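I opened my notebook to jot down what I looked up today. Here is the structure I had on screen.

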Amino acid sequence: MLLGLAVFGPARALAQEAGPVPYWVDFEAGHVELDPELMKLELSRRVTIRVDRYRLTSERLTLRRTARGVEIDGEGRVAFCPCENAPLSFGFQRAVVAPPTDLFVQNATLRLGDVPVFWTPILWLRSPDRLGLLPPRLAWRGDDGLLLGTGVHVPLGGRRGATLSAADVSVAGYLEGGVEVDTRLTTPTTSTRVRWDHLDRSLLAVDAHGSSASRGGAVGAFRIDALRGERGLSATLDLEPAARRFDHARASVGAAGAGVVGSLGAALGSERGAAIDARAAVGPVASLGFGDALGRTGSMDAFVEASSVKERGLPAESLLVHHALLDASTHAGPLFLGVRLDEHAVFAGNDAATLGSAFVGARAQASLPLARAFGGGLDPLVHRVEPLLDVGVRAAASRGDEVPRSSALEAAPPGRLALAALGVDSALGRFGAREALEVEARAGGVGDLDGALEPAAAARLALDSEWVGAAGESAARPDSERTLHAAGRLRVGRADGLHVESHATGSLDEEPVAARTLLVDHFDGTVRPFLDGSGWSAGSRLGVPWTREIATVFATEADVTRARWLAWRVALAYRHPCGCFAVLGRTGQRVGRDGLDAEVTLDLMP
């Protein structure tokens, strides 16, 4: 038989925190005895009790309503889902169901199937919007050895899901005597992670970003990416954050109105992996921007930013950056005509030297857009072809001495430049299905304003479809066999199914910076070498969903030029079909770390 027991009285007041509707305890049993005066139920013969996401089973149980909730006496098992034969469960001798979703279990034995693997005198299961402990952590950190720990989950407000603000504080210890403290703070608009690791030496890592807006229109934003300490580079498990060259931090408060945007804030920059108390370039930053439409044919945008940063023991460095853009376009019969005017200036100085650099650029483009639709319906296949002519010139000048540039200062724009190129843009796809193939190609001449133009070519490709995705760009000087830049990424297979991803980036002896200017339709002062040096790197990723519940990921990174592996990693994930729990196992190794890294995490409420 199937009955429902609504909990009222003192327990109902506690249930109001979860909403105005009282929670229910549903049970099923072959034999039921009810004592109304004692508010007691005795259940026997294949007893099943369901409370929210929990499922309790036994051959004989007694239920009593108390001020704490519903007390359950008797031996049984509790699973984290309503389905039968859950692979992960806890055996118990006594339990208390407390509103809205808390479950207290005494003498709990963790079982994988029917095999007991862990025992604890008491287990307290809580929902994400309640204070509670995090699952245990188990990791092997290369030569640092075994790491064991757990943590606490602290809800800070809001409801479940994306609106819940919470802090997770995890503390783990190395068997060799070290400690790791990992704190994560999430709100609907911010995300902050601070990790401190100490084993003979220390690591401090901060990754934080967020923004907030007031009803009056004021906006605050911050971004911190820092990795410091003597263990900063060696104890970071992932390759990408350890490979960055600088730490950055910036916070600002601003407001916008009538096309004007202004902000005040502070910026910090320093070398990656420096000592925790090492000097950094820090100082105030102020910016002001303006933008507006110029009728139906154009727009304008202007921006200025001033900053002054100082490193301990060094003179302060001031920086003023100004940029303005004027854009206009029109149709002349079937032709589309566009012109852009750019102005960019950088002024830097300290107590000993000053440097000023500025340029004015003009870019004009004429194109003939052609389009044809194939097939009918609401989302036909459309092919667009647009041959074009692109010409531009930029005059630049600089004066002053070279100023020692800190990591917080922007590099001055490159020198004088002229270009003339023919090209074609083409796209084939369906807009509604969001599937398209786009190709851009340019060929012509690029060079110094006072000299002859040198041959240059550039191309970009983008493909987005369910089974194949690709993106890439390349620039080269055809008159030089050793001047080439290329970057690309390819995916074969559905992103949520069996798929292979690969990427490669690199250049030959010299990266063709000027040729890459052909891929943008204006000068903005930021065209500079994309890579630190010549050489090629590549990586690949294989995702294998073996079943709906089990998936594996294999990933590698390699230095192709030096023929060596940079990193590899393997992850195996299992998620129960009804979502009652998930297990993730990861292992890998990267250059700069000795030994193998491995970790297993358990999520009881994925």
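Ground rules first: I am reading a predicted model, where local features need pLDDT of at least 70, side-chain atom pairs count only at pLDDT 80 or more, and totals for chains, interfaces and linings use all residues. I number residues from 1 along each chain as its sequence is written, and side-chain values use heavy atoms, with hydrogens and water left out.

Entry one, strands. I looked up S17 (residues 246–257) and found it antiparallel to S18 (residues 260–271), over 12 bridges. Strands here are DSSP E runs of at least two residues, helices H or I runs of at least four, numbered from the N terminus; two strands pair if DSSP finds at least two bridges between them. I noted Gly269 of S18 as the bridge partner of His248. Two residues sit between the strands of this hairpin, and Ala258 there has a positive phi near 55°.

Entry two, the next neighbour. S18 also runs antiparallel to S19 (residues 281–294), with 10 bridges. Val260 faces Phe290 in S19.

I found Glu230 in the loop between strand S16 (218–228) and helix H2 (239–243). Is Glu230 buried or exposed? It counts as exposed because its relative accessibility is 58%, and the cut-offs are under 20% for buried, over 50% for exposed and partly exposed in between (1.4 Å probe, protein chains only). Its C-alpha is 7.9 Å from that of Ile276, 46 residues apart along the chain.
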